[in-house]
Amino acid sequence: MAAMNPQTELRVRTLSIHVVTWNVASAAPPPDLSDLLQLNNLNLNLDVYVIGLQEMNCGIMSLLSDTAFEDPWSSFFMDVLSPLSFVKGNKGGVNIFLKFYGYYVSIVNCHLPPHVANNDQRLEHFDRILEMQNFEAQDIPNILDHDLILWFGDMNFRIEDFGLHFVRESIKNQCYSDLWEKDQLSIAKRHDPLLREFQEGPLLFPPTYKFDKNSNNYDTSEKKRKPAWTDRILWRLKRQPQAAIHTPTLSAPHFTLFLRSYVSHMLYSVSDHKPVTSTFDLELKPLVSAPLITLLPESRCTTESDMLISYSLTADFLSSPWDWIGLYKVGLRHINDYVSYVWVRDNQVSFSDGLNQVYIDISDIRETEDQFLLFYYSNNLHSVVGISTPFKIQPRSFLAEGPLDEAQPQI
C-alpha cells in the first residue's frame, strides 16, 4: 500500500470487532444466534466478526458434507451474516493474518489439552502455536511483531485446589473473585513473561464448563467435573519503542484496543460449554493513504455489452499475470462464488500512469435487482487486495448463452 505522506494527517478510524469462541461439542447450530452475534443490539454497529469454534463434528458424514457443500455451522453463520455484507474467511486454520490500514493483525483460534493435571502441557502448546506461525510472504514479520494478536478458544485452563462444593457455592453466590486466584491461566500469567503480555477482561460471568447439555446445570454425571473458565479471549498489543528525542515531528502510530464487553451466553445449551464473546473498539490512525487496488466499474453498465472496469494500482504493488478480477453478487459466501471473471493481463485494453482498463463478460447475467461487487485477487499475495463499492447492472432485451471456455481460477 502507498505510504502516508508526512504532510497528510489521516483521521483516526474506529473499528468495532466482535469475537466469538464456542466449543460446540459436535452439536448442530441452534435455531437463533441473534444474542450471540448481538444482531438485536441497536446501539452496536459492528464492523468485523471473528468467530472461532472448537469440536465441530468430525464424523465421516460431516467430512463428506464439508467437502461437497459447507459444514452446518459455517453455512448457518453465512446465512445470518451475508445479508449484512460480511464475507467468510479461512475455515479450520489455527491462524488468520490480516492487514488493517497498514497494521498487522493475527487471529488465533486454539483448543488446548484438557484435564486439570495437564496445565504444563497446555502452556507448552501455547508456546508451540506461537513458534509455528510462519508466513509464506517474506515481508510479513514474526507474529510477535504484529500490532495486534487476538487469541481465543477452548484453552481448557481449570481451577486448582478448591473443592467442587466450594466452587459451586462461589458460583451460586456470584463470588467469582474467590475463584480467580486459583484459575490456572491467571496463575500462569503471573509467572510466564510471554503470557503476561496478553490481556484479558475481568471474569465477571460464571465458569463456562462443564454443563449438562440442554440445560444450565453444571455436570451431574458420575464424574461431576469441577466448573472452570475454559473458554477465553485474550489480546496482545505490540509494545511500541520509545520515540527518538531528535525526531519530535514523527508521532508514534495511533493503535489502541478498548474492551467494551466480555461475557458468556447462558441462553445457549446445545453444548456442554457456554459461548463467550468480546466486543472491542479498535482505534487506529491509518499508516497508508490508499488501498493497493482501486476498482471502478463503468457508471452505466448493462448486459447489452461487456463491462469496462478501470482500476489503479499503488506504485509499490507487484502485479502478476495470474491476477484476476471477479464479479460477485453482494452476499457472496466464498471467493469462488464469482458470476464472471477476467485475467487482468490477458484482457487489458489500455493502461496509463497507474490506470488500467479491462473488459469483463457479463452476457450470462440475468435480470436482477441484486447489487454486485468487483474483487481484485493478487496471485503473489494469495489475497483479495481491492474491492469496489456495490453497484447495479441494468438488464438488456435478450439473454446470450454459452459457457466460458477457458480455465476458471480456483482458490
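Two aromatic rings of Phe, Tyr or Trp, the last taken by its six-membered ring, count as a pair if their centres lie within 6.5 Å. By this rule, the predicted model contains 23 aromatic pairs.

Such a pair is described by the distance of the centres and the angle of the planes. Tyr311 belongs to strand S12 (residues 307-313) and Tyr376 to strand S17 (residues 372-378), so that the pair links distant parts of the chain, 65 residues apart. Tyr311 and Tyr376 are both buried.

A second pair is formed by Tyr341 and Trp343, whose centres are 6.1 Å apart. Because their planes stand at 85 degrees, this pair is edge-to-face. Tyr341 counts as buried because its relative accessibility is 6%, and Trp343 counts as buried at 10%. Tyr341 and Trp343 also belong to a cluster linked by ring pairs, together with Trp322, Trp324, Tyr328, Tyr338, Phe375 and Tyr377.

An aromatic ring also meets a charge in this model: the charged end of Lys274 sits over the ring of Phe211, 4.8 Å from the ring centre.

The description now turns to a sheet. Strands of a sheet pair through backbone hydrogen bonds, either parallel or antiparallel. Here four strands, in the order S4-S5-S6-S7, form an open sheet with mixed pairing. Strand S4 (95-100) and strand S7 (231-237) are the edges; each has a single partner strand, and therefore one side of each is left without a neighbour in the sheet. On average, neighbouring strands of this sheet are turned by 15 degrees against each other, direction ignored.

Within the sheet, S6 (residues 148-154) and S7 run antiparallel and are joined by seven bridges. Ile149 stands opposite Arg236 of S7. Helix H4 (residues 119-131) packs on the sheet, where it touches strand S5 (103-111), S6 and S7; the direction of H4 makes about 135 degrees with that of S6.

Glu200 lies in the loop between helix H8 (193-196) and S7. With a relative accessibility of 19%, Glu200 falls under the 20% limit and so counts as buried. Its side chain makes polar contacts with the side chains of Arg232, at 2.7 Å, and Tyr262, at 2.6 Å. Apart from neighbours within four places in sequence, Glu200 is in contact with Leu185, Arg232, Ile233, Leu234, Trp235 and Tyr262.

Definitions and conventions: Residues numbered from 1 in each chain as written. Predicted model: local features only at pLDDT ≥ 70, side-chain atom pairs only at ≥ 80, totals over all residues. Heavy atoms only, no water. Pairing = 2+ DSSP bridges. Helix = DSSP H or I, 4+ residues; strand = E, 2+ residues; numbered from the N terminus. Axes fitted to C-alpha atoms, helices over the stretch in contact; angles between N-to-C directions. Contact = heavy atoms within 4.5 Å. Buried < 20%, exposed > 50% of the residue type's maximum accessible area, 1.4 Å probe, protein only. Polar contact = N/O pair within 3.5 Å; in protein donor to acceptor, adjacent residues only side chain to side chain. Phe/Tyr/Trp six-rings, centres within 6.5 Å; stacked < 30°, edge-to-face > 60°. Lys NZ or Arg CZ within 6 Å of the ring centre and 35° of its normal.
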